[in-house]
Amino acid sequence: MAVVTKAETPPRPPTSRRLLYRLRVLRHDPTAALGLILVVLLGYLVVAPLVAVLSDAFRLQYGDDVHAGQAVGEWTGYYLWRVFRSQISGLLFWQPLLNTLVVALGTVLFALALGGGMAWLVTRTNVPGRKWLAGALVIPYMLPSWTFSLAWLTLFKNERAGGQVGFLQAQGVRTPDWLAYGALPIIVTLGLHYYPFVLLLVGNALRRIDAQLVDSARILGAPQRTVVRRIVIPLMLPALSSAVLLVVGRVLGTFGTPYVLGLPADFRVLSTGLFQSIRDRSTGVASVLATVIVIVGVLIVLADTRMTREHRRFVTVGGKGGMDRLSDLRRLRWPAFALGLVVFGVSVLVPVFTLLLSTVTRTPLDLSTFTLDYWFAERLPGAVGFPHGVFRGSELWAAAWNSLRIVGLASVICAVAGLLVGYVVVRGTAPRVAFFLRQVSFLPYLVPGIAFAAASLSLFAVARGPIPALYGTTFLLILVMAVTHLPYSSRSGIAAMTQLGREPEEAAQIAGAPWFQRMRRIIFPIQKGALVTGIVLPFISGLKELSIVVMLTTTGTELLTTLSIGLVDYGYTQLANAVVLVIALVSFTMTYLTQRLTKSSLASGLGG
């Protein structure tokens, strides 16, 4: 037997040589270093804000030491008591929570009825113009959510809110407060905005159901209600549950519509209560409300994930094209098409043309008072905060430039970061890093927008260590908007990198190409489709975003969305409507160009 002595053991290379070797490896394949950099950045930009807002909920803030009897900065349960148990807890939390639940339930029922009915119409029947209807009925989601609320005010506003009254009141028809403001108009306007979610989810699910299952059950003698209860509903449960939870999550974080239609009647929901607490500098109370919204948002998405997993057992294995047999409406074909046109008119044409007519008439919708002053006048009588038409002065152009610049930069950062996350997750050799990046990059999706904005404000409002205070800066807006849209671009990047083999990159590496050159000459060109999608979709969403930015903008960083809400606060309804129309036009144009560029459609799979 050979014996290996100590003298025969090969000597270890010097530390300097080993370090040099690792640096050379890192230069050719810096995936591990890139992964660590992304872990640090996402940990600070995604996790740290949530930790900061949670910390602020349990640390006594400046100005509350007298009431709490503790020193500033000490751990405290004062804000929990104030929000949940104090004499004003009903005003701060319980009544807004009840209002939020009422609005969420009403919006879900409205969206399910309208979206589900339209989904059945364009996927299961031979209604004329199915393909056109499928595309037209998703247009409401391209509009800013508070477009509908401003149109509602233009029609139903009464003297309670101050300023110019709406069309009906101007015609001598007294509109009651419950019709002009509060729960009912909020539910209707949010339902008109969110029913496309139900249309898309339920419509695609309906197309995947094999009609042969229904036919087989009917041949075996099952009555219609049994077929619906035992076959159709179980197969539709995943789509229905996702639609319900998605709408609830969106309603939980939406701000514009409850603010516009709830403020005049002092109708508060959790999102507007959170905004009011920030405005009143009640940081501790705002932190508790933000934490509640975050927890509810996370629970909603986790419930959606669990229900989807549970319902995966309801799958069909049938012949392809089984759903191509459509229900023949016979004499009802054209009345059904007319019904689709009515829904399209109510959800798109009526609000858009209402806003447009309001901007060219001094008395709402009275064409005898036609004027272009709200667009082009150098001086508007009685206007103080915004004394000219929207196209005069610098406010609109400055807000438009800020929107294009901030949203554009955020979209580019979001797309590149998403592709890099996908690269590290797929190409990296550290499973823990990949798991962290996959989960944390998706975390902003779980948090309603206004709650994440409040968390970011909690972290960046003051200097913390070497990081200066960023509140009021363009940099903070870019960061927050990029992070909140990261879930979409990161999932797109992971999917794109999964489909790309290692061979092109390995061939370039053998040829001596460094990592940056491989990324620039191979990865980015091959994945340009994912990059374009990762840029354009956040750009479109960011242009009409309000919930995320409403608490982060200042005088120098005002966007088109915050300019519109500011005009609502001033009572300049026509001017606010004009700005919203500008946003809607840009958003619709960008959506259309994106669909032409990517050869896709929001209504892909419907009405085909």
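Visitor: Which residues lie nearest the centre of the second largest pocket, and how many residues line it?

Guide: As a general idea, rolling a probe the size of a water molecule over the atoms shows where empty space is left. In this predicted model, the second largest pocket is lined by 28 residues, and Ile278, Arg279, Leu457, Tyr471 and Met551 lie nearest its centre. The volume of this pocket is about 740 Å³.

Visitor: Which elements each supply at least two residues of that lining, and how does the lining divide by class?

Guide: The elements are α2 (31-56), α14 (270-279), α15 (283-310), α20 (449-460) and α26 (560-570). By class, the lining of the second largest pocket holds 15 nonpolar, seven polar and six charged residues.

Visitor: Helix α15 includes alanine 286. Is alanine 286 buried or exposed?

Guide: Alanine 286 has a relative accessible area of 3%, and because buried means under 20%, this residue counts as buried. Apart from neighbours within four places in sequence, alanine 286 is in contact with Leu274, Ser277 and Ile278.

Visitor: How far apart are alanine 286 and alanine 455 in sequence and in space?

Guide: In sequence, 169 residues separate alanine 286 from alanine 455, while their C-alpha atoms are 9.5 Å apart in space.

Visitor: How many residues does the largest nonpolar core have, and which of them have the most contacts inside it?

Guide: In soluble globular proteins, nonpolar side chains tend to be buried together. Here the largest nonpolar core has 173 residues, and those with the most contacts inside it are Leu137, Leu274, Val390, Leu437, Leu567, Leu575 and Val579. Helix α18 (residues 395-427) contributes the largest share of this core, 14 residues.

Visitor: Which residues does leucine 575 touch, setting aside those up to four places away in sequence?

Guide: Leucine 575 touches Tyr374, Leu380, Phe386, His388, Gly389, Val390 and Leu567. Of these partners, Val390 and Leu567 are also named among the core residues with the most contacts.

Visitor: How many cavities of 30 Å³ or more are there, and what lines the largest cavity?

Guide: The count comes to five cavities of 30 Å³ or more, and about 70 Å³ of space lies in the largest cavity. Its lining consists of Leu153, Thr154, Lys157, Gln164, Val165, Gly166, Ser358, Pro364, Thr573, Gln574 and Asn577. Two or more of these lining residues come from each of α7 (147-156) and α27 (573-598), and α27 gives the most, with three residues.

Visitor: How do the residues of that lining divide into nonpolar, polar and charged?

Guide: The lining of the largest cavity has three nonpolar residues, seven polar residues and one charged residue.

Note on methods:
Residues numbered from 1 in each chain as written. Predicted model: local features only at pLDDT ≥ 70, side-chain atom pairs only at ≥ 80, totals over all residues. Heavy atoms only, no water. Core = buried A, V, L, I, M, F, W, Y, C linked by side-chain atoms within 4.5 Å. Buried < 20%, exposed > 50% of the residue type's maximum accessible area, 1.4 Å probe, protein only. Helix = DSSP H or I, 4+ residues; strand = E, 2+ residues; numbered from the N terminus. Contact = heavy atoms within 4.5 Å. 1 Å grid on protein atoms, 1.4 Å probe; cavity = no way out; pocket = protein on both sides within 12 Å on 5 of 7 lines; lining within 4 Å. Points joined across faces, edges and corners; volume = space filled by probe spheres on them. Nonpolar A, V, L, I, M, F, W, Y, C, P; charged D, E, K, R; others polar.
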